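Subject: Structure handover

Hi,

Here is the structure I promised to pass on. Could you have a look before reading my notes below?

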Amino acid sequence: MTDIAKLPPGPLGSSSQRAVIWARKNLFNSWFNSILTLGSIAALFWIIPPMIEWGITNATLTPSIEACREVTGACWGFVNANLRLILFGTYPYDEQWRPLLAMVVLVGIIIGSLGAVPYAGMRKWIIPMWLVGIPVIAILMWGGVLGLTYVQNSYWGGLPLTLILSSIGIIFAFPLGLLLALGRQSSMPAIKTLSVVYIEIIRGVPLITVLFMASVMFPLFLPEGVTIDKLLRAQIGIILFTAAYLAEVFRGGLQAVPNGQFEAGNSLGLSYWQSMRLIILPQAMRLVIPPTVGSFISMFKDTTLVVIIGLFDLLNTVKLALRSDPAWTRYYVEGYAFAAAIFFLFCYSMARYAAYLEKELRKGEQR
Amino acid sequence: MTATATETTATGVVTPPPSNEEVITVSKANKWYGNFHVLKDIDLTVNRGERIVICGPSGSGKSTLIRCLNRLETYQSGEITVDGILLGDDVKNIEAVRREVCMVFQHFNLFPHMTVLENLTLAPIWVRKMPKKQANELAMHYLERVRISEQALKFPGQLSGGQQQRVAIARSLCMQPKIMLFDEPTSALDPEMVKEVLDVMVELAKEGMTMLCVTHEMGFAKEVADRVIFMDAGQIVEMAEPQEFFANPKNERTKLFLSQILSH
């Protein structure tokens with residue numbers, strides 16, 4: 001600050017000079033920091049220009065093998081040519097407007113619900129939105145009514161599948177996780193033990209094992225003739241897995257709310273569930289927004305593991321596209337980069353939303 | 001501090017006498033925390049409209065005793081009856097008692113995520129099933145009584161300790177309880193805020209509210225209490241009218257305690 005104050009007034013105290021002062025203070029204030037700054041700049045020079053050359057300048061969007069063979073950069077033509085296969089998997093080609101529309105509806109209700117969360121007056125619309133939205137999505141995806149042809153869910157794939165698996169996963173894992181967290185704190189030994197055992201077992205095994213068990217072992221326990229759909233099994237596996245992690249996140253939040261809050265609710269005559277719903281959970285949930293969103297993000301990415309039981313999520317449809325024509329196989333970098341970009345878009349949006357929500361809920365209320 | 005409270009709250013108004021109707025009966029109540037015997041054979045009857053001050057050294061069980069009266073603490077043997085309802089493991093009974101007995105806590109325990117008004121209307125709306133509009137009117141009425149109505153739309157975190165405790169008292173009053181329990185209501189306050197809270201409590205006492213108050217504010221005890229109880233090591237050591245209690249304490253432990261707390 002004093003450096004800036006010493007500057008002569010007029011054109012000499014320009015923004016470029018201020019930038020130099022800022023850089024000196026923040027980037028070159030010690031020899032160690034200077035080395036780090038120079039090193040970082042060198043690394044950026046080393047990485048960024050070749051990336052731009054590969055990804056933009058020398059790349060092609062033309063969806064043909066010939067065009068791709070001519071360029072030295074990225075062959076976005078692969079993505080361009082296979083976009084619908086990557087996005088919608090093996091869903092019947094002529095019916096692909098249906099998953100597209102379903103996806104639009106789904107993203108619409110997600111944005112709608114997330115937007116309503118900070119405003120107490122709007123929250124009551126969240127559940128009706130889903131109650132209407134889910135059947136609409138189901139009708140669009142399955143069809144079989146309203147003149148839509150029936151599409152078996154083994155043909156579903158790509159982004160709609162990823163989005164459906166993760167949003168339904170979140171919707172059901174959230175309340176289940178909450179119950180488990182409350183169960184773990186319960187004074188009733190049976191409930192407590194069950195919750196602890198469940199949480200610890202699930203947390204002790206990888207998701208891939210849970211999915212594999214849901215897909216291969218679970219049917220063995222069912223009576224003969226009864227089959228549960230593969231997609232449903234994967235969905236249940238994801239819900240059960242995520243719930244255990246969320247339960248631990250929620251427990252942290254519950255423990256952070258002082259016991260006096262519960263006592264105050266009790267002494268006013270509120271029942272256990274009323275105290276929980278009106279007093280404890282609103283405070284606990286606010287505290288656990290960042291780790292909860294963290295769980296959602298990892299779960300969103302973990303849905304890619306359904307590949308092991310033969311479902312075609314977004315990542316697996318890229319593979320499908322690569323195999324569709326042997327000529328495309330060498331362009332896997334482009335394919336996976338595209339999938340990565342989509343995943344990044346969703347995950348980063350979630351992270352930004354979490355930051356916004358935290359700020360929004362803290363407004364007006366100072367502790 | 002005690003002396004100040006005495007001077008400022010002594011208004012000389014005679015409080016209405018309590019009735020003969022028993023509203024709380026504690027007989028042979030015992031409680032253990034593990035091996036620690038925290039309440040030993042407690043016997044106590046409180047009449048409707050009676051104001052009782054409980055004092056004693058820390059760890060004597062006085063907070064535990066009043067927390068047993070609305071079942072924030074369980075007891076292992078004996079019997080506690082409040083407003084004719086036996087307090088045991090029956091959840092229905094516990095909820096019935098809690099609707100009639102409210103507690104004011106040392107640390108206020110206001111709900112930080114709600115405005116002052118929402119803090120007050122929560123229980124009337126959810127427990128008494130009162131329409132929101134009526135609950136708001138009731139809340140404003142009691143906020144005016146504790147002289148804090150202009151803060152209705154603020155959050156607890158924006159208020160001083162004394163204001164928060166007055167809000168907590170108003171919150172309890174909104175349930176229109178038959179009995180009010182105070183668990184060291186002024187102990188967490190800065191000295192200059194003690195008076196505003198005690199003033200509200202004195203007014204309540206003079207309106208005939210049944211009150212059990214764990215406090216070391218001896219001025220308050222002298223002014224409004226019908227009986228003062230001294231507890232030590234989980235027992236009721238001495239119980240007397242305030243004049244008698246302060247002028248002629250019988251027990252050695254009471255004498256020692258009083259000399260310690262009145263000496264400064």
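S1(B) and S2(B) make a hairpin with 2 residues between the strands, and Gly34(B) in the turn takes a positive phi of about 60 degrees. Strand names, like helix names, follow DSSP runs numbered from the N terminus (helices are H or I, at least four residues; strands are E, at least two). The two strands, S1 (residues 22-33) and S2 (residues 36-47) of chain B, run antiparallel and are joined by 8 bridges; I call strands paired if DSSP finds at least two bridges between them. Glu22(B) has Asn47(B) in S2(B) as its bridge partner.

Before I go on, the ground rules: this is a predicted model, where local features need pLDDT of at least 70 and side-chain atom pairs count only at pLDDT 80 or more, while totals for chains, interfaces and linings use all residues. Residues are numbered from 1 along each chain as its sequence is written, chains are lettered from A and ligands numbered from 1 in the order in which they are written, and side-chain values use heavy atoms, with hydrogens and water left out.

Thr25(B) is bridged to Thr81(B) in S4(B), and Val26(B) stands opposite Ile80(B). These strands belong to an open, antiparallel sheet of 4 strands in chain B, ordered S2-S1-S4-S5. Its edges are S2 and strand S5 (85-86) of chain B, each pairing on one side only.

Chain B has another open sheet, this one with 6 strands in the order S6-S7-S8-S3-S9-S10 and mixed pairing. Strands S6 (101-104) and S10 (235-240) of chain B each have a single partner strand, so one side of each is left without a neighbour in the sheet. On average, neighbouring strands of this sheet are turned by 20 degrees against each other, direction ignored. (Axes are lines fitted to C-alpha atoms, for helices over the stretch in contact, and angles run from 0 to 180 degrees between N-to-C directions.) Inside the sheet, S7 (residues 179-183) and S8 (residues 210-214) of chain B pair in the parallel sense over 5 bridges, with Leu212(B) in S8(B) as the bridge partner of Leu181(B). Helix H3 (residues 91-100) of chain B lies across S6 and S7 of chain B, at about 65 degrees to S6(B).

Now the helices of chain A. H6 (residues 97-116) and H8 (residues 158-185) of chain A pack at about 35 degrees, with their axes 10 Å apart. The residues of this contact (heavy atoms within 4.5 Å) include Met103(A) and Leu106(A) in H6(A), and Leu163(A) and Ile164(A) in H8(A). They divide into 9 nonpolar, 1 polar and no charged; Ala, Val, Leu, Ile, Met, Phe, Trp, Tyr, Cys and Pro count as nonpolar, Asp, Glu, Lys and Arg as charged, and the others, Gly among them, as polar.

H8(A) also packs with H11 (residues 230-256) of chain A, at about 45 degrees and with the axes 5 Å apart. H8(A) and H11(A) are therefore oblique to each other (under 35 degrees counts as roughly parallel, over 145 as roughly antiparallel, 65 to 115 as roughly perpendicular and the rest as oblique). Their contact residues divide into 22 nonpolar, 6 polar and 3 charged.

Cheers
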